Amino acid sequence: MIKKKDGCLVVISGPSGAGKDTICAELLKRHKEMYLSISMTTRNIRGSEVNGKDYYFVSEEEFIKNINNNNFIEYAKVYDKYYGTPKSEVENRLKQGIDVLLVIDIQGALNIKKLYKNAIFIFIMPPDLTTLIKRLVKRNTSSKDAILERFKTDYKLINEYNKYNYVVVNDNIIDATNKVDAILLASKCSVDRIESLDLQTEEEIIHEILIS
């Protein structure tokens, strides 16, 4: 009866240590059909990262070739390294009705907002700035100066939250994931997500009543 549109494109951003990746991992456990977009990057592999799983690791020459071939939904240069979202993987899954998660920074999110008007933009916020600093220190082996610089960058990012449709405060990972889940469910029920209603005509309904 109701013909729905393609899958939902869900853009998730937030400062380092806000819990974006953990929330996405929990969503993927709950929704096996959901797809987490894998970014392409020119930075080196870190620790236990796997090519094709965590990122597509490529040379700068190959990345620029993809730019010239218009193969990215969005891309940016961060700390002298390129990051981009491959277009074909995202669009193919959306056409199949599969929901796609994108975990990207504010710059990429704003670029996507220009191209995908119906995308859902969710900002993950730490409960407070003190908690954010503690998380940065806990997960980062860099010097205090490097951590301080990262915090300054994240502080600027936090002040961009009003560019998004929704803000979810992550003071508890399960509660935060439940809120994101609720946002996705509500968005799927939006009138904007309905392509058309395949309704019978008034005459057809009256005819069925009369012959029943």
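This is a predicted model: local features need pLDDT of at least 70, side-chain atom pairs count only at pLDDT 80 or more; totals for chains, interfaces and linings use all residues.
Tyr161, Val167 and Val169 together make a nonpolar surface patch of about 240 Å². Good morning, colleagues.

Val169 belongs to strand β10, which covers residues 166-169. How exposed is Val169? Its relative accessible area is 34%, and Val169 therefore counts as partly exposed, since that class lies between the limits of 20% and 50%.

The largest nonpolar core contains 24 residues. Those with the most contacts inside this core are Leu9, Val11, Val90, Ile112, Tyr116 and Phe121. Which elements give two or more residues to it? They are the strands β2 (9-13), β8 (100-103) and β9 (120-125), together with the helices α3 (87-95), α4 (106-115) and α6 (144-158).

Leaving aside residues up to four places away in sequence, Leu9 touches Val90, Leu94, Val100, Leu102, Ile112, Tyr116, Ala119 and Ile120.

Helix α6 also holds Phe151. Is Phe151 buried or exposed? Its relative accessibility is 17%, and because buried means under 20%, Phe151 counts as buried. Phe151 and Leu132 are 19 residues apart along the chain, and their C-alpha atoms are separated by 8.3 Å.

Next, a loop residue. Ile98 lies between α3 and β8. Along the sequence, 65 residues separate Ile98 from Glu33, yet in space the C-alpha to C-alpha distance is 6.6 Å. Glu33 is also one of the residues that Ile98 touches, again not counting residues up to four places away in sequence; the others are Gly7, Cys8, Met34, Tyr35 and Arg93.

Finally, I come to a sheet. Four strands form an open sheet in the order β5-β4-β7-β6, and their pairing is mixed. At its edges are β5 (56-57) and β6 (72-78), each of which pairs on one side only. How do strands β4 and β7 pair? Strand β4, residues 40-41, and strand β7, residues 81-86, are antiparallel and joined over two bridges. In one of these strands, β7, Tyr83 is the bridge partner of Thr41.

Thank you for your attention.

Definitions and conventions:
Residues are numbered from 1 along each chain as its sequence is written. Side-chain values use heavy atoms; hydrogens and water are left out. A nonpolar core is a set of buried Ala, Val, Leu, Ile, Met, Phe, Trp, Tyr and Cys residues joined through side-chain atoms within 4.5 Å. Buried means under 20% relative accessible area, exposed over 50%, partly exposed in between (1.4 Å probe, protein chains only). Contact means heavy atoms within 4.5 Å. Patches are made of residues with over 30% relative accessible area and no salt bridge: like charges are joined within 9 Å, nonpolar side chains (Val, Leu, Ile, Met, Phe, Trp, Tyr) within 5 Å. Accessible areas come from the Shrake-Rupley method with a 1.4 Å probe; for residues, only the protein chains shown count as cover. A salt bridge is a side-chain nitrogen of Lys or Arg within 4 Å of a carboxyl oxygen of Asp or Glu. Two strands pair if DSSP finds at least two bridges between them.
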